[in-house]
Amino acid sequence: MFALHQEKILVLKYSLLGSILSNLLLVLGTSLLCGGLVVKEQRFNHKQADVNALLLLVGLLCHVLPLASRIGSGAAAVDLSRACSIMMLLTYAAYLYFQLKSHGQLFSSQSPQVEGGGGEEEAVIGFWSALGWLVGMTAVIALLSEYVVGTIEAASDSWGVSMSFIGVILLPIVGNAAEHAGAIIFAFKNKLDISLGVALGSATQISMFVVPLCVLAGWIMGIPMDLDLNLLETASLAFSIIVTALTLQDGQSHYLKGLVLLICYLAISAGFFVHKIPTSDQGSTGDLELKQS
């Protein structure tokens with residue numbers, strides 16, 4: 001929201017895309033790799049993964065349509081992006097009802113515990129303590145986010161690193177550190193369903209809720225935020241979703257699947273590292289269109 005308010009649309013797009021890629025490839029890949037090193041073959045509820053993969057494909061379609069419209073007609077697809085965003089939010093609301101109410105049994109954990117792991121674990125803190133920590137940390141992160149948004153372009157210039165690499169790769173690694181650590185710990189304990197819920201759930205939430213919410217918030221602010229990513233970004237997102245869906249389709253996992261996801265993330269990282277955008281063009285999509293016209 002800080003980036004959107006300052007009309008730094010590229011920074012916002014890179015950050016959101018990077019969070020999706022990080023959760024799908026880095027967080028999930030590391031979890032599958034570490035879990036596979038502890039247990040030779042882990043099993044998980046593939047129905048949960050199928051539902052999340054389906055929603056991610058819907059989100060991908062809503063990104064491809066504005067890109068195809070721009071390439072085909074040369075016109076900005078802001079109105080199309082806003083219409084797709086409304087449908088994405090409605091789909092996410094239906095997904096929440098599906099998960100919490102009508103088909104909650106599909107999302108129940110089926111992962112066996114590691115031998116000697118004991119029974120049910122006792123909660124370390126209570127509900128209100130956990131809620132207090134969440135509120136406090138959210139406030140701190142919101143404060144830090146304002147500084148990050150204000151310094152990312154200066155950091156790109158001083159480090160000599162492309163802004164796309166910082167936004168898509170570096171920022172999400174730091175931002176997803178807690179999720180990353182939690183997913184790995186659960187994978188070590190052979191609770192892969194929870195690791196999948198952390199990685200896939202976060203990616204689905206960003207793709208189907210946060211991204212369209214930013215588009216509609218920009219609409220209210222009069223800022224031309226859209227779903228149109230460039231070709232490299234859209235291709236990276238598409239192949240990440242497809243590879244992840246194929247990896248999780250059989251309900252079984254081993255360390256090689258995690259290694260493949262990590263290799264994909266490294267390849268995408270290399271692509272964004274060499275992907276240079278001129279400093280003068282690091283404004284919003286609307287600014288780029290005005291300059292071109």
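Select Asp 228 and Arg 70: they form a salt bridge, with their closest N and O atoms 2.4 Å apart. The pair joins distant parts of the chain, 158 residues apart. Asp 228 lies in the loop between α8 (192-221) and α9 (231-247), while Arg 70 is in helix α3. A salt bridge here is a side-chain nitrogen of Lys or Arg within 4 Å of a carboxyl oxygen of Asp or Glu. Side chains of opposite charge can pair when their charged atoms come close.

This is a predicted model: local features need pLDDT of at least 70, side-chain atom pairs count only at pLDDT 80 or more, and totals for chains, interfaces and linings use all residues. Residues are numbered from 1 along each chain as its sequence is written, and side-chain values use heavy atoms, with hydrogens and water left out.

Arg 70, at 29%, counts as partly exposed. The cut-offs: buried means under 20% relative accessible area, exposed means over 50%, and partly exposed is in between (1.4 Å probe, protein chains only).

**Along helix α3**

Stay on helix α3, residues 46-73, and pick Val 64. Helices are DSSP runs (H or I, at least four residues), numbered from the N terminus. Val 64 has 33% relative accessibility, so it counts as partly exposed.

How many salt bridges does the structure hold? It holds five. Go to Asp 79 and Arg 82, whose side chains meet in one of them at 3.9 Å, N to O. Both sit in helix α4 (residues 78-102). They are three residues apart, so about one helical turn separates them. Asp 79 is exposed, with a relative accessible area of 60%. Arg 82 is buried, at 13%.

Next, select Asp 250 and Lys 257. Their side chains meet in a salt bridge at 2.8 Å, N to O. Asp 250 is partly exposed, at 43% relative accessibility. Lys 257 is buried, with a relative accessible area of 14%.

**Two helix pairs**

Show helix α2 (residues 9-38) with helix α6 (residues 163-175). They pack at an angle of about 50°, with axes 7 Å apart. That makes α2 oblique to α6. Axes are lines fitted to C-alpha atoms, for helices over the stretch in contact, and angles run from 0 to 180 degrees between N-to-C directions. Under 35 degrees counts as roughly parallel, over 145 as roughly antiparallel, 65 to 115 as roughly perpendicular, and the rest as oblique.

Then show helix α7 (residues 177-188) with α8. Their axes come within 7 Å and cross at roughly 155°. They are therefore roughly antiparallel to each other.

**The nonpolar patch**

Last stop: the surface. Which residues make the nonpolar patch of about 670 Å²? Select Leu 37, Tyr 255, Leu 256, Leu 259, Val 260, Ile 263 and Leu 266. Patch residues have over 30% relative accessible area and no salt bridge; like charges are joined within 9 Å, nonpolar side chains (Val, Leu, Ile, Met, Phe, Trp, Tyr) within 5 Å. Areas come from the Shrake-Rupley method with a 1.4 Å probe; for residues, only the protein chains shown count as cover.

Helix α10 (residues 255-273) gives the largest share, six residues. Leu 259 is found in helix α10. Leu 259 counts as partly exposed, at 37% relative accessibility.
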